[in-house]
Amino acid sequence: MVAKTKLFHHLLLLVSSLLHLSTTTFAIGVNYGTQGNNLPPPSQVANFIKTQTIIDSIKIFDTNHDILNAFANSGIAVTVTVGNGDIPSLANLNSARGWVAANIAPFHPQTRINRIVVGNEIMATANKPWISNLVPAMRTIHKALVLAGITNVQVTTPHSLGILSISEPPSAGQFRRGFDRAIFAPMLQFLRETKSPFMVNPYPYFGYSPNMANYALFKRNRGVHDKYTGITYTNMYDAMLDATYSAMRKLGYGDVGIVVGETGWPSVCDPGQPACSMENAAWFNGNLVRRTSQGKGTPLMPNRRFETYLFSLFNENLKPGPTAERNWGLFRPDFSPVYDAGILRNAQSGGGGGGGRQRPRPTPGSQWCVPKPGVSDQALQANIDYACSNGVDCKPIQLGGACFNPNNVRSHASYVMNLFYQTHGRQAFNCDFSNTGVLTSANPSHGTCRYI
């Protein structure tokens, strides 16, 4: 009887482990950036991700201790990043041990730090001290972890597709000459020894052209033929991963696993950039989530599952550069979805973690939300589409409505953006709209169109 009981308990543990692996190991991750002045505190982010989304892992671009504390006991895996400028010093073992003692040991294992990435796309920086010390720092950090008694944290580094000198056709993929043997061979050897993955950031968005739009977006297309293998690729994402695999295989490291550290699609861009739209972002990321969960692999890596981190969690309003840089997010700072990417557990919850909570009733206020000057009609139309699909009554801007005239995108956007702001809490972030909205004390009501 005792033997049977022990056997039963062993079986229960085995089944539990298998279920855990099946539901978390290959689920979707997200890059959690913090370049915004309107973002929620990490504790709220951790609770939202755990309770409202299918996301089971995050990647942060530093070792932010507030974030590491917030994700303690959440069950969500966390990848942390070594700053680019710290790489040369961390090739020294004493420095690496100090870094691990300060940034990993106090939080692990309560916080499931599963991976350290050393720098961010270092090979694209052309910084010789960073590049030459990259692999030594990876080795030294790993050694420091072992000396600290931490044996379940992997060490790797993310790469852009610029590491390839040839990427088309995918079977001909190879690393840039000069870096292949000097950098990538020893790096891949280290990854093999430590059972860590090669991390790559494939972005079909950056390979977009109007005549290849469907190929970049997982839509139906004629495909691109690889004459060496006879394979016809129907999407750019698979081709990018297979080109990376081909380069690794040419050096003798085709057995090293691959993790997708970043990929995604922005929802709003500057005028004249046809790649950008809510529809394209939703289509790309939605298909990526579905494909990742199915685990079908690629033509050269069939049935291989790729741990995948979408970029990014939030629209970050302080990121420099073109408009697209501030519009990669799956969610707005109030946790409402920018679009439906299949990430929320319950799409009816509105993305805010409230699951059907009542909205505050509109009351007259001293501030109204209106579009910023110079914002494109494309961005404003996206705001209209978003607000009208998230509880805002848009009948007044329709033909015959009190706010239909003047009949232009800016006027209609002004009305619905304000109504969204007034009925969703009247907090500043409710008027952010991907950095396209602004609060004003001047009542924008006009004629028969009355703003609440």
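A residue is called buried if its relative accessible area is under 20%, exposed if over 50%, and partly exposed in between, with a 1.4 Å probe and protein chains only. F335 is therefore buried, with a relative accessible area of 7%. This is a predicted model, in which local features need pLDDT of at least 70 and side-chain atom pairs count only at pLDDT 80 or more, while totals for chains, interfaces and linings use all residues. Residues are numbered from 1 along each chain as its sequence is written, and side-chain values use heavy atoms, with hydrogens and water left out.

**Overall composition**

- The protein has 12 helices and 15 strands; helices (H or I, at least four residues) and strands (E, at least two) are DSSP runs numbered from the N terminus.
- Of the 452 residues of the protein, 52% count as buried.
- A contact is defined by heavy atoms within 4.5 Å. Among contacts between residues at least 6 apart in sequence, 71% join residues at least 24 apart.

**The open sheet**

- Nine strands form an open sheet with parallel pairing, in the order β5-β4-β3-β2-β1-β13-β12-β9-β6; two strands pair if DSSP finds at least two bridges between them.
- The edge strands are β5 (154-156) and β6 (158-160), each of which pairs on one side only.
- From one strand to the next, the twist averages 25 degrees. Axes are lines fitted to C-alpha atoms, for helices over the stretch in contact, and angles run from 0 to 180 degrees between N-to-C directions.
- Strand β9 (residues 198-201) runs parallel to strand β12 (residues 258-263) and is joined to β12 by 3 bridges. F198 has I258 as its bridge partner in β12.
- Helix α9 (residues 236-250) packs on the sheet, where α9 touches β9, β12 and β13 (308-311). The direction of α9 makes about 135 degrees with that of β12.

- Strand β1 (residues 28-31) is covered on both faces. I28 and V30 on one side, and G29 and N31 on the other, are all buried.
- The pairing of β1 with β13 is parallel and comprises 4 bridges; V30 stands opposite L310 in β13.
- The pairing of β1 with strand β2 (residues 57-59) is also parallel and comprises 3 bridges; here G29 stands opposite S57 in β2.

**Packing of helices α5 and α6**

- Two packed helices are described by the angle between their axes and the distance between the axes.
- The axes of helix α5 (residues 93-103) and helix α6 (residues 128-147) come within 8 Å and cross at roughly 60 degrees.
- The crossing of α5 past α6 is right-handed; the near helix is turned clockwise from the far one in a right-handed crossing, and anticlockwise in a left-handed one, by less than a right angle.
- Helix α5 contributes L93, A96, R97 and V100 to the contact, and α6 contributes T140, I141, K143, A144, L145 and L147.
- By class, this contact has 7 nonpolar, 1 polar and 2 charged residues. Ala, Val, Leu, Ile, Met, Phe, Trp, Tyr, Cys and Pro count as nonpolar, Asp, Glu, Lys and Arg as charged, and the others, Gly among them, as polar.

**Backbone features in loops**

- The peptide bond from H108 to P109 is cis, with omega near 10 degrees. P109 is placed in the loop between α5 and β4 (112-118).
- A cis peptide bond also leads from N405 to P406, with omega near 0 degrees. P406 is placed in the loop between α11 (377-388) and α12 (409-423).
- E121, although not a glycine, has a positive phi of about 50 degrees; E121 is placed in the loop between β4 and α6.
- F335, likewise not a glycine, has a positive phi of about 75 degrees. The loop that holds F335 lies between β13 and β14 (368-371).

**Surroundings of Y245**

- Y245 lies in helix α9 and, at 11% relative accessibility, counts as buried.
- Not counting residues up to four places away in sequence, Y245 touches G254, I258, L300, M301 and R304.
- The C-alpha atoms of Y245 and G173 are separated by 7.6 Å, although the two residues are 72 residues apart along the chain.
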